[in-house]
Structures are given as C-alpha cells and as structure tokens.
Amino acid sequence: MAVKTNGTVRMRGESEPGLAVVVLVDEGRLRIISGADLVGEWDLHEIGIQALQEGFAIRAEGEEFVLRATDEVGLAEEMGLMVTSPRLARKVAVSNNPEPPPEPMLNEDMPREQSNVGAIAFALGGVLVLVGGSLLRVASSARGAPLPEPSGVGADGEFWLYFIVGGLAMVAAAFVLSIRVRWARPVASLILGGVIVLFAVVASRGSADAGHLTAYGFIAGGLVVGVAVLFSGTLAASD
C-alpha cells in the first residue's frame, strides 16, 4: 500500500527547517518531490535508512540527509524499517493498537431506569392484609358472630370486609406506584394510614383466640411491609 505524506528534507548538518517536500513510498521505491521538481528517487534496497528521534536519516548516492514527515508511522511501516527510536516505536504501537473509544458519560438530565421492587413489596403487603381479612371472616363465622364493632365504623360489624377492601386498595396503589403516577405515593400513604387506624381499633377490641390472632398477624405483617416500603426510599420519585 502506497504512503504519501508531506515533510521536509535537509542535508545532514544543515539547520532546520529544510526544504518542504512530498514523500511517496510505493512498490519498494522512495520518491521525494519538491513542487514540480523531483528531489530524488531510490529503490529502498539500495539506500540506508535509520530512524532518529526526529525523522529519518537516509544515505543515498554517497550523501546523507534528514527526512521528517507528517506520517512517520506510515513511512516506517511501508519501508519495513526496524524501529530503533523509542518515540517512533511508541507511535507505531499506538497506531496498531488504537485505544478503545471512551465510554459515553451519563447525562444527569437523562431519565434513569427505576426499579419496581418497592411497588412489588407494597403489593405484597396488600396481599398479606387481604389474607388477614379473609382469616378474620373465617374466624368470625366459626364463632357464629361478627367481630366487635367500634362505634362509628360500619353497621354490620363485619370488619373482615374492610381489611379485604384495604388490601385490594393497597394492591391497586402498588400498581399505580409501578407506573410512576405523580400522586401515587400520597394516595398509597393515605390508604395505608386508614388500614393502620382500622387495625388498631379492631385489634384493641377483638377476640384473642387463635383464629383472630393469626389473622391479626397477617394484617400486621402487611402493614409493616407497607410502612417499610414507603419510608425506606425504595420508591423512586415519580416524574
């Protein structure tokens, strides 16, 4: 493959900058041209070439001159030159092993992927409350009477229904949290707070038998999970 590059040439011992030339290496021949004039043309096997710290020393036809070129690496490789200059050796190594492109920097303004772990955990809390409400219904039926009713809460006293509704509402709120609706977190907090108040009232007046205690355990577990999710920071801010 031919190499063509710009450079300067000067006789060894002369001061810089030297004569501006175009250097062409093709098919085993070195050609140096200045403007419309041919400075010299040689077979690479008939001349001596040595890499310097700056450029190349070339001995041809009994004379020695210094050639400096823009594409020193290309010339060295095309001429099959044994690179003895540390500077040129580094340039050849870099050209043959280009550095990988830098990794793109993260733009702070770009939206980041957000995890749904918090929403899933909140839904799990709702399921636990839902199971607890179902167990309350079973325990109430087994006793043949509804749970004691605090004043101002319902007319039938069947508190299991409130917990089932509360659990379903928590699951629905978890879905809304997962799709990043702006008002999802305040609504989830409001639902959770209502279920906590209801649980506190029912637990304080309810039966202490095994069936009710098991139901209370599921409801309490669901509430603990819900509170932990809302205050642990696992829910990323909604857009």
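## Surface and overall make-up

What does the accessible surface of the chain come to, and what percentage of this surface belongs to carbon and sulfur atoms? The surface comes to about 14,100 Å², and carbon and sulfur atoms account for 61% of it. These values are computed from a predicted model.

The chain has 239 residues, of which 36% are buried. Its secondary structure consists of 7 strands and 6 helices. Along the sequence the order is β-β-β-β-β-β-β-α-α-α-α-α-α. Contacts can also be sorted by separation in sequence: among those between residues at least 6 apart, 55% join residues at least 24 apart.

Strand S1 covers residues 3-11 and strand S2 covers residues 19-26. The two pair in the antiparallel sense, with 7 bridges.

S2 and S3 form a hairpin with 2 residues between them. Glu27, in the turn, has a positive phi of about 55°.

The largest nonpolar core has 28 residues, and the members that touch the most others are Phe122, Leu136, Phe163 and Leu223. Four helices each supply at least two residues of this core: H3 (117-143), H4 (160-178), H5 (184-205) and H6 (210-232). The largest share, 8 residues, comes from H4.

Leaving aside residues up to four places away in sequence, Phe163 touches Val129, Leu130, Gly133, Leu136, Val195, Leu198, Phe199, Val202 and Ile219. There is also a second, separate core of 21 residues, which includes Val9, Trp42, Ile49 and Phe65.

## The largest pocket

The largest pocket has a volume of about 170 Å³. Its lining consists of Val9, Arg10, Met11, Val39, Gly40, Glu41, Trp42, Ala60, Glu61, Glu63 and Phe65.

Which strands each supply at least two residues of this lining? They are S1, S4 (37-43) and S7 (63-69). The largest share of the lining, 4 residues, comes from S4. Val9, Trp42 and Phe65 belong to the lining, and these residues are also included in the second core.

Note on methods
Residues numbered from 1 in each chain as written. Predicted model: local features only at pLDDT ≥ 70, side-chain atom pairs only at ≥ 80, totals over all residues. Heavy atoms only, no water. Buried < 20%, exposed > 50% of the residue type's maximum accessible area, 1.4 Å probe, protein only. Contact = heavy atoms within 4.5 Å. Areas by Shrake-Rupley, 256 points an atom, 1.4 Å probe, with all protein chains shown as cover. Core = buried A, V, L, I, M, F, W, Y, C linked by side-chain atoms within 4.5 Å. Pairing = 2+ DSSP bridges. 1 Å grid on protein atoms, 1.4 Å probe; cavity = no way out; pocket = protein on both sides within 12 Å on 5 of 7 lines; lining within 4 Å. Points joined across faces, edges and corners; volume = space filled by probe spheres on them.
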